[in-house]
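Here is a friendly walk through one protein chain, written for someone who likes to keep the structure open while reading. Take a look at it first, and then we can go through some of its features together.

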Amino acid sequence: MKTAYLDAFSGLSGDMLVGAILDCGADLEELREVLATLPVGGYRIGTRRKVLSGISAVKFDVDVSEAQPERHLGEIRKMIEAAKLPDSTRRRSIAIFEVLGEAEAKIHNTTPDHVHFHEVGAVDSIVDIVATAWGLENLGVGDVMVSPLPAGRGFARSQHGIIPVPAPATAELLAGFPVKLGDGAAEMVTPTGAAVIRALARPAEIPITFEIEKIGYGAGSRQLEDRPNVLRMIIGRERGALASDELIEIAANIDDLSPQIYDHVMERLFAAGARDVTLTPTMMKKGRPAIILGVLGPAAHRDEMARVIFEETSTIGLRFHPVSRLKLNREIREVETPWGKIRVKISGHDHHAAMTVSPEYDDCRRAAVEHKVALRTVIEETREAARRQFG
């Protein structure tokens, strides 16, 4: 898949992210259709062009016409689960809200499910977050990098009163990311923007060898004296012999958990930021059969992933260590088949000699059921069609 580099020289917010995504080519009417499936009303979305310092940028607006209730994390999670969203959009959206809930809970000394989302529970922030998750998938973006962020300075007004900039939740969410303290005369990164970064992005390692495909600009609402209030999103591919990243691996030995629960555990771990989850049979002392639960994910998500394991399994201890990963470039494309368009994952060094094609299982299964064709046939013919088209 493609990589998005967020050049956040003027900070970032939810509307700036969505504006940049739309400026890169995501379709506004498709976004309207997706958002219409959310069980929430009283708002209208639109876009307009703003020119700041000679830069034309898309301003994404959410006009709210009805009063909105305060919402808890559980309510928002149910709203997203009830909507007709692509699986990865749903997973990314929930992950963003969950990391925000963790940060707010730590600040207010409570639990995530008891946090009242004020600003971020409002309909405009819900729309921004779901639109960002959907837009990244629509553009084929699987990896997100972010530049060092201006932290701003001063004070801001919130539901809890006057708070310092960056807001406490924002500061908590940006732990582990390079920030420039005191840069900017106002709140430069909003809690929504920080939650997206924490859930989906990694710090960019400058310099980057990058092949640019698209550039989009999303406009913010502030008028800044020292810089244009825009977010620049650059979409393309990192170039090099092999891509690499730094992750952590968490493991636990479990010998007394019902196998039915593991599917739920895995789903929650992916929502918490895990890149991969594995189950490996093993033998423990006294000949007891057990499972090694292995989780691979960003170090910034360690506590969220560990909390899921402690909440959902019977283990009382985890082990973890940093790992370096080499990976092939990958992207999702659609291929025409006798049963309609089916997505395939294409991976390999520069997509040539080492190219591997993996049809998306859910798409193949859906086509097999609808057309009463053997699933194996759909998978094999989709793979061959992709090799003819992209090989």
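## Two lysines in loops

Let us begin with lysine 372, which sits in the loop between helix 10 (361–371) and helix 11 (375–390). Please keep in mind throughout that this is a predicted model. The phi of lysine 372 is near 55 degrees, a positive value in a residue other than glycine. Is lysine 372 buried or exposed? Its relative accessible area is 76%, and exposed means over 50%, so lysine 372 counts as exposed.

Lysine 286 also has a positive phi, here near 60 degrees. You will find lysine 286 in the loop between strand 15 (276–283) and strand 16 (289–297). With a relative accessible area of 82%, lysine 286 is exposed.

## Two cis peptide bonds

Most peptide bonds are trans. Where in this chain can you look for cis ones? The bond from valine 165 to proline 166 is cis, with omega near 0 degrees. Proline 166 belongs to the loop between strand 9 (161–164) and helix 6 (168–173).

The bond from isoleucine 206 to proline 207 is cis as well, again with omega near 0 degrees. Proline 207 is part of the loop that runs between strand 11 (201–203) and strand 12 (210–219).

## The nonpolar cores

How many residues does the largest nonpolar core have? There are 67, and those with the most contacts inside this core are Leu6, Leu12, Leu31, Val146 and Met233. Setting aside residues up to four places away in sequence, leucine 12 touches Leu6, Leu17, Val146, Leu149, Met188, Val189, Thr190, Gly193, Ala194, Ile197 and Leu231.

Serine 13 is placed in the loop between strand 1 (2–7) and helix 1 (14–23). Although serine 13 is in a loop, its relative accessible area is 10%, and this residue is therefore buried, the limit being under 20%. Beyond its neighbours within four places in sequence, serine 13 is in contact with Thr190 and Gly193. Thr190 and Gly193 are also among the residues that leucine 12 touches.

## Two helix pairs

Two packed helices are described by the angle between their axes and the distance between the axes. For helix 2 (residues 28–35) and helix 5 (residues 123–138), the angle is about 125 degrees and the axes are 10 Å apart. The two are therefore oblique to each other, and helix 2 passes helix 5 in a right-handed crossing. On the helix 2 side, Glu30, Leu31, Val34 and Leu35 meet Val127, Val130, Ala131, Trp134 and Asn138 of helix 5. Sorted by class, this contact has 7 nonpolar, 1 polar and 1 charged residues.

Helix 8 (residues 261–271) and helix 9 (residues 302–312) pack at about 160 degrees, with their axes 9 Å apart. Because angles over 145 degrees count as roughly antiparallel, helix 8 and helix 9 are described in that way. Their crossing is right-handed. Ile261, His264, Val265, Arg268 and Leu269 of helix 8 make the contact with Met305, Val308, Ile309, Glu311 and Glu312 of helix 9. These residues divide into 6 nonpolar, 1 polar and 3 charged.

Which residues does aspartate 143 contact, leaving aside its neighbours within four places in sequence? They are Lys2, Thr3, Ala4, Arg202, Glu238 and Lys327. Aspartate 143 lies in strand 6 (residues 141–146) and is buried, with a relative accessible area of 12%.

Alanine 251 lies in strand 14 (residues 243–254). This alanine is buried too, with a relative accessible area of 14%. Not counting residues up to four places away in sequence, alanine 251 touches Ile292, Leu293, Leu318 and Arg319. How far is the C-alpha atom of alanine 251 from that of glycine 216, which is 35 residues apart along the chain? The two C-alpha atoms are separated by 40 Å.

Technical notes:
Residues are numbered from 1 along each chain as its sequence is written. This is a predicted model: local features need pLDDT of at least 70, side-chain atom pairs count only at pLDDT 80 or more; totals for chains, interfaces and linings use all residues. Side-chain values use heavy atoms; hydrogens and water are left out. A nonpolar core is a set of buried Ala, Val, Leu, Ile, Met, Phe, Trp, Tyr and Cys residues joined through side-chain atoms within 4.5 Å. Buried means under 20% relative accessible area, exposed over 50%, partly exposed in between (1.4 Å probe, protein chains only). Contact means heavy atoms within 4.5 Å. Helices (H or I, at least four residues) and strands (E, at least two) are DSSP runs, numbered from the N terminus. Axes are lines fitted to C-alpha atoms, for helices over the stretch in contact, and angles run from 0 to 180 degrees between N-to-C directions. Angles under 35 degrees count as roughly parallel, over 145 as roughly antiparallel, 65 to 115 as roughly perpendicular and the rest as oblique. A crossing is left-handed if the near helix is turned anticlockwise from the far one by less than a right angle, and right-handed if clockwise. Ala, Val, Leu, Ile, Met, Phe, Trp, Tyr, Cys and Pro count as nonpolar, Asp, Glu, Lys and Arg as charged, and the others, Gly among them, as polar.
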